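Here are my notes on this entry. Please have the coordinates open while reading.

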Amino acid sequence: MLPVPGYHLFFFLLVCQAVPSRTQRPHIELRLVGPRSQQGEGRLEVLYNGVWGTVCDDDFNMISATVACRELGFEVAVNWAHSAKYGPGEGPIWLDNMRCSGTESSVAECESNGWGVNDCTHNEDSGVVCAGLQRHHLSAQGLVPHIQHQGWKVEEVRIKPILARAKLSSPITEGAVEVKLHGRWRQVCDAGWTRNNTRVICGMLGFPRDGRVATGFYRKLWTQKLKDPSSSLRSLSEKNTFWIHRINCQGTEAHLGKCKLHVGPKIRHQPACPRGMHALISCIPGPAFQSNTARMPDPVQPPKQPQVRLRAGAQVGEGRVEVLLNGQWGTVCDDGWDLTAASVVCRQLGYGTAQEALSGAQLGQGLGPIHLTRVKCRGYERSLAECSYQEAIQSGCRHEADAAVRCNVPQTDARQKIRLAGGRSPEEGVVEILVPRGRTSRWGTVCGEHWGLKEAMVVCRQMGLGFASHALQETWYWQGNSDASEVVLSGVRCKGTELSILQCQHHGPVHCPTGGGRFAAGVTCTSSAPDLIMNAQLVQETAYLEDRPLDMLYCAHEEGCLSASADHMQWPYGHRRLLRFSSQIHNLGRADFLPKTGRHAWIWHQCHRHYHSIEVFTHYDLLTLNGSKVAEGHKASFCLEDTNCPDGLHRRFACANFGEQGVSAGCWDTYRHDIDCQWVDITDVAPGSYIFQVVVNPKHEVAESDFSNNVLRCQCQYDGNRIWLHRCHTGDAYGANIEWDEEAQQRLTSNLV
């Protein structure tokens with residue numbers, strides 16, 4: 001039978017119509033909805049055919065979130081949310097079962113069921129958390145990576161060390177200036193060079209101050225090189241492409257690209273650089289980056305109390321800006337916040353200029369006072385206090401507008417001395433470090449004994465991987481490198497603020513009874529983490545005494561919520577005197593606070609009829625003024641849930657009906673004063689002055705971005721019949737002279753009076 005041409009043509013047309021064309025993807029727009037949407041966090045919504053709709057969380061993952069964040073103008077996705085974390089949307093659900101490869105430029109290019117084809121409800125709406133400034137905001141608020149001048153792009157700046165001692169130092173602080181333009185490294189002619197230029201370049205490279213250079217000595221070296229026939233310096237220095245002819249900075253710029261650069265054509269019969277020598281600079285590193293001998297404390301002068309600090313940053317030199325005013329730490333409102341003010345903060349803290357001036361609580365919200373707003377700096381101030389500002393108490397600012405910074409920090413060799421091996425991703429693995437051994441260095445592991453989250457936090461920060469999510473004392477499933485089988489570090493104890501694991505306390509000679517191997521230390525790092533902090537004002541306002549009959553305390557006694565003397569009473573006759581109060585624990589971090597163990601390991605408490613996901617979530621203690629415990633701390637074993645969330649965030653965790661437990665980022669868990677175990681048993685306490693203390697996540701079982709704010713303390717006065725709590729504050733809320741020393745406190749509270 002002969003083929004019918006018309007039939008084949010009809011079939012061909014059907015095929016063409018059935019196969020969608022990737023080149024004709026629909027025009028869409030994306031937006032994030034929620035209280036933090038301007039900072040790259042919220043419910044993901046798509047504009048299709050002129051109607052805004054949502055994306056279902058079925059098959060949605062980090063790859064899908066990354067494509068969406070890039071399309072929104074951010075650099076990367078750091079997290080995604082399911083189950084309408086940012087509240088249920090309205091209108092159509094445009095995408096379901098979305099599957100992206102990661103190479104797409106738009107979510108419209110990802111595979112899905114088709115536009116509007118879904119089996120979802122708005123309780124399954126997806127959300128994303130993006131990081132990195134939006135590209136269209138970069139020029140206004142952050143550092144522009146490539147800044148053009150007369151058609152030239154300033155890409156990078158570096159110091160080329162010349163002297164042997166400079167080459168061996170880390171970080172490199174002295175040498176010739178080199179600037180990368182259009183992919184080519186050039187040196188800068190020193191004709192007209194000023195200290196303002198030096199100040200700007202030192203700031204870009206992470207140094208707060210500039211030093212002086214022995215120019216005469218370097219000129220002799222330059223002249224000798226020119227006379228050396230084996231040196232190529234003479235021929236190179238005569239080329240126009242070797243030089244940037246002139247740089248003119250005012251000294252307040254955050255980046256060299258903001259200065260005036262002259263890369264002009266060579267004038268005939270004149271040398272490319274009139275004075276024929278490269279510009280030289282010397283920078284002074286901040287205290288944290290100086291050698292041990294350079295930062296020895298003065299035994300006569302007491303250390304100055306810091307007036308500004310950074311909190312909740314995943315990397316060194318970044319975080320929410322907090323200032324000390326009237327003895328109390330508070331945040332800065334982002335109204336008028338710019339790179340100049342941010343650079344003053346960075347230099348004050350011992351870093352260089354600011355890479356980015358972040359607004360809208362992009363690095364987390366504070367809790368407590370907002371001190372300053374409308375901060376204006378000229379750029380030469382030594383501290384933020386020298387800038388002009390307004391007090392924020394009457395400004396109407398809220399913590400959603402907390403200012404933050406990312407500072408330039410020096411490049412050191414610390415990252416080259418540590419690595420992770422055997423993990424499923426670059427963010428996890430066995431910790432391997434490079435230690436000196438005679439005249440050489442060798443790789444080895446860290447003993448896993450006593451290894452904890454504070455040590456893991458230092459490792460993750462040293463590697464530039466953010467926060468620690470897990471600290472492993474056993475690494476059975478991770479195979480380390482064969483050249484690092486020996487344990488080279490043991491007894492590691494960190495405060496959590498060190499820049500290198502070798503800055504932590506550790507044994508001199510290695511002592512590791514477990515022998516390393518599968519008992520070597522390991523870590524898992526993450527770019528975001530939760531951060532718990534208790535509402536001090538609520539505790540102070542709700543405290544009272546109650547004499548509670550024993551016949552109402554059977555469940556509490558069973559759960560260990562009473563002092564030891566309750567065991568010897570004639571039950572059910574008598575009563576216990578209880579200091580009761582309400583507590584509200586906020587998660588101010590950028591990730592959910594989740595139990596350490598899975599549901600299978602939760603403990604059912606029959607008397608109270610609910611599951612406890614964390615047996616030790618808070619400690620409640622009454623201490624003498626010297627820190628000794630007079631009332632046994634209640635080892636609170638709560639269930640975790642979202643009691644309340646701010647507008648725009650959706651409650652996702654609830655204890656009822658064996659529900660999922662946790663505290664969502666931005667939400668809080670409230671324990672009312674009238675529930676069991678929300679007290680300290682002070683039946684045996686004599687009248688007097690005391691310290692009331694609450695410690696959240698006391699064993700550091702769950703990782704957080706900041707453990708320094710986990711402690712709440714109040715001054716307490718008890719006359720035998722009434723009790724007063726006053727001056728309640730978190731451990732890091734006041735000046736350094738009364739900050740909470742965790743290690744010393746543990747030693748004191750072990751002495752029970």
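Which residues line the largest cavity? Point 2 gives the list. The points below concern a predicted model.

1. **Confidence.** The average pLDDT of the protein is 83. A score of at least 70 is reached by 86% of the residues. Where pLDDT is low, predicted coordinates should not be read in detail.

2. **Largest cavity.** Searching the whole structure gives three cavities of 30 Å³ or more. The largest cavity holds about 50 Å³ of space. Its lining consists of Arg199, Gly251, Thr252, Glu253, Thr340, Ser343, Val344, Arg347, Thr353 and Gly379.

3. Helix H8, spanning residues 339-348, contributes the most to the lining of the largest cavity. Its share is four residues. By class, the lining has six polar residues, three charged and one nonpolar.

4. **The E29-E32 pair.** Strand E32 covers residues 583-587 and runs antiparallel to E29. Three bridges join the two strands. Within this part of the model, isoleucine 533 stands opposite histidine 586 in E32. In general, strands of a sheet pair through backbone hydrogen bonds.

5. **Cis peptide bonds.** Two are worth checking by eye. Serine 170 and proline 171 are joined by a cis peptide bond, with omega about 5 degrees. Proline 171 sits in the loop between helix H4 (164-168) and strand E9 (174-181). The bond from tryptophan 571 to proline 572 is also cis, with omega near 5 degrees. Proline 572 belongs to the loop between helix H11 (554-558) and strand E31 (575-580). For context, most peptide bonds are trans.

6. **A positive phi.** Where is alanine 312 placed? Alanine 312 lies in the loop between strand E16 (308-311) and strand E17 (318-325). Although not a glycine, alanine 312 has a positive phi of about 70 degrees. Most residues other than glycine have a negative phi.

Note on methods. Residues numbered from 1 in each chain as written. Predicted model: local features only at pLDDT ≥ 70, side-chain atom pairs only at ≥ 80, totals over all residues. Heavy atoms only, no water. pLDDT = per-residue confidence, 0-100. 1 Å grid on protein atoms, 1.4 Å probe; cavity = no way out; pocket = protein on both sides within 12 Å on 5 of 7 lines; lining within 4 Å. Points joined across faces, edges and corners; volume = space filled by probe spheres on them. Nonpolar A, V, L, I, M, F, W, Y, C, P; charged D, E, K, R; others polar. Pairing = 2+ DSSP bridges.
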